[in-house]
Amino acid sequence: MVPVEITHTSPRVEDYEPETNGEGLRLALDLIDEVRDKANAKIVQHQKRASFYYNLRVKERFFRQGDLVLRKIEASGVGQKGKLAPNWEGPYHVKNVFERGS
């Protein structure tokens with residue numbers, strides 16, 4: 001069986017010219033900053049869209065004085081560590097409330 005590439009060459013191989021190829025590579029190298037800027041703008045646009053849809057489903061929670069809350073053990077850095085250790089500690093009473101319920 002004869003490979004297809006031997007009997008029928010691809011248009012890419014037939015149209016190859018070393019001088020034109022070199023010019024194209026230099027032109028692409030000159031335009032690389034514009035390509036990077038376009039790619040960066042596309043990434044930023046995608047991140048904005050993803051954060052918008054994520055924030056649609058986020059429920060804001062505001063704490064009031066006297067509420068009972070749990071605290072994540074990772075945040076305190078104290079206590080047991082490992083796979084079987086508890087994730088939360090508490091409950092704690094909220095003593096002071098600052099801006100936006102924090």
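What pLDDT does the protein average, and what share of the residues score at least 70? This is a predicted model, and its average pLDDT is 85, with 90% of the residues scoring at least 70. Colour the chain by confidence and select helix H4, residues 32–56, which has the highest mean pLDDT among the elements, 96. Then select helix H1, residues 4–7, where the mean is the lowest, 66. Where pLDDT is low, the predicted coordinates should not be read in detail.

**The whole chain**

Switch to a cartoon view. The protein contains 5 helices and 2 strands, arranged along the sequence as α-α-α-α-β-α-β. The radius of gyration is 30 Å, well over the 13 Å that the globule rule gives for 102 residues, so the protein is more spread out than a compact globule. Along the principal axes, the C-alpha atoms fill a box of roughly 80 × 40 × 25 Å.

The accessible surface comes to about 10,300 Å², and 56% of it belongs to carbon and sulfur atoms. Of the 102 residues, 5% count as buried. Among contacts between residues at least 6 apart in sequence, 46% join residues at least 24 apart.

**The nonpolar patch**

Select Leu27, Leu29, Leu31, Ile32 and Val35. These residues form a nonpolar patch on the surface, with about 450 Å² of accessible area together. Helix H3 (18–30) and H4 are the elements that give two or more residues to the patch. Leucine 31 is found in the loop between H3 and H4. Is leucine 31 buried or partly exposed? Its relative accessible area is 35%, so leucine 31 counts as partly exposed.

Move to arginine 71 and glutamate 89, and show their side chains. How many salt bridges does a search of the whole structure find? The search finds 1: the side chains of glutamate 89 and arginine 71 meet at 2.7 Å, N to O. The pair links distant parts of the chain, with arginine 71 in strand S1 (residues 68–72) and glutamate 89 in strand S2, 18 residues apart. Side chains of opposite charge can pair when their charged atoms come close. Arginine 71 is partly exposed, at a relative accessible area of 39%.

Next, select glycine 90 and proline 91 and display the backbone atoms. A cis peptide bond joins glycine 90 and proline 91, with omega at about 15°. Most peptide bonds are trans. Proline 91 lies in strand S2.

Select asparagine 87, in the loop between helix H5 (73–76) and S2. Which residues does asparagine 87 contact, leaving aside its neighbours within four places in sequence? They are Arg71, Lys72 and Ile73.

**The segment after S2**

Finish at asparagine 96, in the segment after strand S2 (88–93). Asparagine 96 has a relative accessible area of 54% and is therefore exposed, the cut-off for that class being over 50%.

Conventions
Residues numbered from 1 in each chain as written. Heavy atoms only, no water. Helix = DSSP H or I, 4+ residues; strand = E, 2+ residues; numbered from the N terminus. Buried < 20%, exposed > 50% of the residue type's maximum accessible area, 1.4 Å probe, protein only. pLDDT = per-residue confidence, 0-100. Patch = residues over 30% accessible without salt bridge, like charges linked within 9 Å, V, L, I, M, F, W, Y side chains within 5 Å. Areas by Shrake-Rupley, 256 points an atom, 1.4 Å probe, with all protein chains shown as cover. Salt bridge = Lys/Arg side-chain N within 4 Å of Asp/Glu carboxyl O. Rg over C-alpha atoms; globule rule 2.2 N^0.38 Å. Contact = heavy atoms within 4.5 Å.
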